[in-house]
Amino acid sequence: MLIFGRLLIDPGEAPERGWLRVENGRIVEMEAGDPPASAGPPDLGGRDRLVCPAFFDAHTHLPQIDSVGCDGLPLLEWLDRVIFPAEAWWGDGAARSMARKAVRRMAMQGTCGFAGYLTSDAASARSVLDWIETATPMRMVAGRVQMDCGAPDALIREDRERAAMRPIPSPIVSSGASQLQEGAPSPRAWMSANPRFALACTRELMAEVGWAREKHPGMFVQTHLSESPDELKAIAAMFPESEHYTAIYDRAGLLGPRTLLAHCIHLSDAEWALLRERDSVAVHCPGANVFLEAGLFQLDRAEAHGVRVALGTDVAAGPDIAMPRVARGMIETVKVRRMLTGETLRVPSPVEAWEMITRRNADVLGWHDCGRLGVGMAGELLVLRLPETWMDDHLIGRLIYNWSHDLIEHRVFGGRVFEPASL
Ligand SMILES: [Zn+2]
């Protein structure tokens, strides 16, 4: 497949006209200028089109796709009244249709890969993982949510039953995600263990996830850390022996380079230092943080401690499923903090924010051949149709602040043109 247009190879530079060829899922040729006449007419693109990498979402919840906008509740109450009922519904047969809706909406906005949570219902989780892997071109880091306390019986029953069966081996990897273990035929899908957060997991459950992580170093761990002030109070009461929140996960063996920790808003210096030591990833979800009034992520502290940061939608607490709007949220969070505190904070540029939702998120999710254009890279890209007047020094800012899926003319996912409505 021959694609022609302005190639966004480095978002910090003006994109020049060029062409690339995608074969068997990868970019096999890429050159500046017009395509050679011998190649025939391009399959996609045109002189005024922009060709850029597709996006990656480092934190989302597929079962919550229809729960966006249930406003007015703090985190713990929102979970009880909105989210837990929605997730229980998955176990009652809604899983496949809801997953289809979630994947369609992500793909519609140009997202070709995500790190996500399913529900705790193993059968529906397995069915959804199989469907995404076989019927869609999406990349995923995904797994069944694990929780065995602090939630309705329908959601914690499976993990409690597994606990009763111990020491039958590997209750964690026997979730649907086991089919995505290292050695699976395609690296497009990574297995992840998803203990929801410390308030919904006993020490035993978290320790088992830690054990599984040790046995399966390719496995990702996804959880939430230090999101809201109410949550912190409940954590202190439930884990009085722990010096801080992050230490609870560290003691259980959950922290490593493939551990994705959503939020990380209220961390102490000691906690940031611990995350750096374990090389774990803080996943910033700016839309969700404002929606639940959880707090404002401190990007400067993450950077000062050398902790890797990724960006996520966190649907449904995050109202926006489009990654360029999440990138905008990251910039706005720093601007708001700077106005409120008067501190000298460096505001990330649109180019930096764009790199987060492409190359840097892809790296964090283990897809180092994604999020960039180049020979040998995966064919995960977008062809955008933009006003000609946007092709100036502010191109990336214009994209982030004016984002609409209407800008996308074609999505090339897995090396093929993909139309979300076809799912
Ligand atoms: Zn979340």
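Student: Where does E293 lie?
Tutor: E293 sits in the loop between α8 and α9 (299-304). Helices here are DSSP runs of H or I with at least four residues, strands are E runs of at least two, and both are numbered from the N terminus. This is a predicted model, where local features need pLDDT of at least 70, side-chain atom pairs count only at pLDDT 80 or more, and totals for chains, interfaces and linings use all residues. Residues are numbered from 1 along each chain as its sequence is written, and side-chain values use heavy atoms, with hydrogens and water left out.

Student: What is phi of E293?
Tutor: Phi is near 50°, a positive value, and E293 is not a glycine. Most residues other than glycine have a negative phi.

Student: Is E293 buried or exposed?
Tutor: E293 counts as exposed, at 70% relative accessibility. Buried means under 20% relative accessible area, exposed over 50%, and partly exposed in between, with a 1.4 Å probe and protein chains only.

Student: Now peptide bonds. Which residues does a cis bond join?
Tutor: V315 and A316, with omega about 15°. A316 lies in the loop between β13 (308-311) and α10.

Student: Switching to domains. What does the assignment give?
Tutor: Domain 1 (2-53 + 371-422) and domain 2 (55-364). The bounds come from an automatic or database domain assignment. The C-alpha centres of the two domains lie 30 Å apart. The contact takes 24 residues from domain 1 and 30 residues from domain 2, where contact means heavy atoms within 4.5 Å.

Student: How many residues are in the largest nonpolar core?
Tutor: It has 128 residues, and W78, Y249 and L399 have the most contacts inside it. Such a core is a set of buried Ala, Val, Leu, Ile, Met, Phe, Trp, Tyr and Cys residues joined through side-chain atoms within 4.5 Å. Helix α1 supplies the largest share of this core, 15 residues. Domain 1 and domain 2 each give this core at least three residues.

Student: What does Y249 touch?
Tutor: Leaving out residues up to four places away in sequence, Y249 touches F197, A198, M206, T223, H224, L225, L254, L255 and L261. Another core lies apart, with 13 residues, among them I27, V51, V383 and V412.

Student: What lines the largest cavity?
Tutor: The lining includes H61, W78, R196, H224, H263 and D314. Helix α1 (residues 75-108) gives the largest share, three residues. The space is about 120 Å³, a volume being what is filled by probe spheres set on the points, with grid points joined across faces, edges and corners.

Student: And how much space lies in the largest pocket?
Tutor: About 290 Å³. It has 17 lining residues, and P137, R188, F413, G414 and G415 are the closest to its centre. Strand β16 (residues 416-418) makes the largest share of the lining, three residues. Both domain 1 and domain 2 contribute at least three residues to the lining.

Student: Which elements give two or more residues to the lining of the second largest pocket?
Tutor: Helices α8 (286-291) and α10 (323-341). Of the two, α10 gives the most, with seven residues. That pocket has a volume of about 210 Å³. Its lining holds 13 residues, with P286, G287, R325, G329 and E332 nearest the centre.

Student: Last one. Where is H394?
Tutor: In the loop between β14 (381-385) and α12 (395-401). H394 is exposed, with a relative accessible area of 53%.

Technical notes:
1 Å grid on protein atoms, 1.4 Å probe; cavity = no way out; pocket = protein on both sides within 12 Å on 5 of 7 lines; lining within 4 Å.
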